[in-house]
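Subject: Structure for you to look at

Hello,

Here is the structure I said I would pass on. Please open it and keep it beside you while you read the notes below.

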Amino acid sequence: MPRRHIRVSGAPEAPLRAALTALRSELGVPESFPPEVLAEAERSAKAPALPAYDATDLPLFTIDPPASTDLDQAMHLSRHGTGYRVRYAIADVAAFVVPGGAVDTEAHRRVTTLYFPDGRVPLHPPVLSEGAASLLPDQVRPAALWTIDLDADGRTLAVDVRRALVRSRAKLDYAAVQKRIDSGTAEEPLALLKEIGERREALEAERGGISLNVPEQEIVDQDHTYELTYRAPLPADGWNAQISLLTGMAAADLMTANGTGILRTLPAAPDGAVGRLRRTAHALHIDWPHHVSYAHLVRSLDPHRPHHAAFLQECTTLLRGAGYTPFRGGALPDITTHAAVAAPYAHCTAPLRRLVDRYASEICLAAVAGDGPPEWVLASLDVLRKEMADGTRRAGAAERGCVDIVEAALLKGRVGEEFDGWVVDVEERQPTVGTVQLEAPAIIARIEGEHLPLGERLRVRLTQADPEADAPSKVLFAPA
């Protein structure tokens with residue numbers, strides 16, 4: 001599932017970077033790993049629990065941003081009968097982490113890797129997440145190896161997952177993948193990414209699901225001013241995401257069939273959230289007729305257009321009701337589906353960066369083997385729900401704080417200027433406080449004033465824009 005991607009360049013001592021450092025301190029983000037965690041990680045990196053099954057002859061490849069070293073997934077795609085076979089290797093973090101040990105305890109404290117515009121705070125020590133457990137090229141690694149057979153339309157026919165030794169042959173990035181596929185120079189295992197990805201996208205549209213290919217925002221420091229740009233995702237980004245979604249759906253099916261698991265669930269968005277998003281679309285001059293569904297609208301957008309890119313960023317707000325739902329003993333929860341996926345779904349493909357995925361892998365491995373999940377997994381299911389909820393809130397707070405800081409940096413020095421905007425939200429309990437979407441630059445921010453006209457155009461004046469301000473919002477507008 002998507003998050004807002006923001007990158008920032010500039011000197012470490014720049015005000016924007018200083019504000020991001022202060023945000024990490026405010027959120028209690030750990031600066032480093034305790035010595036005992038690092039020592040245990042070093043030991044386990046040298047002596048992981050290795051599986052007997054050897055699949056190192058499978059020519060897997062990874063697709064990630066160029067600078068990434070925490071590689072969770074590697075794939076190999078082939079034709080199989082009249083359909084396809086997807087081989088998807090997921091880093092086996094459990095081979096390195098002792099339940100109840102120092103690394104495990106620290107992972108339960110951190111819950112997820114946190115992303116900031118100027119860097120990330122990892123879930124596991126780098127000796128594991130960027131080294132011994134990462135599916136780096138030309139390295140033998142333990143993995144949970146999924147085999148998913150599809151028919152000619154991309155529908156799932158059969159699923160298997162087992163522990164295996166694997167070896168990736170190549171570390172690819174999205175731009176290189178797109179270039180090879182577009183030029184016709186990609187070998188079949190890579191060329192099939194487009195074929196399978198497009199079939200899975202068609203099935204997603206058929207079932208009413210939607211993938212948000214959220215553009216990456218980059219804020220660049222230029223002569224003490226900041227400029228905001230967007231990097232639109234490539235089609236290859238979406239095709240790659242479909243392989244991960246396919247695996248998460250297969251994992252959810254295994255869990256529900258076997259009566260034990262932890263699903264990623266999302267109820268349908270409330271009318272108020274959809275109404276707010278409609279007002280945002282109106283403010284950004286995006287035509288959204290009432291007879292057009294949200295999913296159809298998103299698929300029609302062009303992320304290369306700045307206003308469309310800004311709207312796709314705001315679409316992530318409809319995902320805020322997502323949660324983790326554990327179950328056991330064959331009694332399925334009331335909600336088993338994820339509204340955006342439009343099917344049952346589980347997080348299982350990013351164990352280097354998300355705690356719950358390690359547990360999901362164990363449940364699926366046990367289900368296929370005909371065994372019960374390990375006791376350490378069962379004992380943690382209920383507490384895992386709360387830990388993941390807390391971790392997700394912390395990640396959300398970090399994201400919102402980063403957006404606030406970045407927008408303040410963009411507008412710094414323009415206090416007193418007037419802008420055209422639309423009031424997209426007004427607080428029920430405090431009608432003098434609301435949210436305004438500017439037309440240019442296409443940002444969204446807090447507004448305070450009397451008689452805020454919900455859903456209407458409004459000329460506004462910038463009253464505050466300070467990345468380092470200690471206030472409810474670092475950016476503030478008032479009616480002009």
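Two strands are said to pair if DSSP finds at least two bridges between them. Strands (E, at least two residues) and helices (H or I, at least four) are DSSP runs, numbered from the N terminus.

This is a predicted model, in which local features need pLDDT of at least 70 and side-chain atom pairs count only at pLDDT 80 or more, while totals for chains, interfaces and linings use all residues. Residues are numbered from 1 along each chain as its sequence is written, and side-chain values use heavy atoms, with hydrogens and water left out.

Start with strand β4. His 80 stands opposite Gly 83 in β4. Strand β3 (residues 73-80) pairs with β4 in the antiparallel sense over eight bridges. The two form a hairpin with two residues between them, and Gly 81 in the turn has a positive phi of about 65°. β4 also pairs with strand β7 (residues 140-150), again antiparallel and over eight bridges; here Ile 90 stands opposite Ala 144 in β7.

Is β4 enclosed or open? Eight of its nine residues (83-91) are buried, so β4 is largely enclosed by the rest of the structure. Buried means under 20% relative accessible area, exposed over 50%, and partly exposed in between (1.4 Å probe, protein chains only).

Now the whole protein. There are 12 helices and 19 strands. Of the 480 residues, 54% are buried. The C-alpha atoms fill a box of roughly 70 × 55 × 50 Å along the principal axes.

Regards
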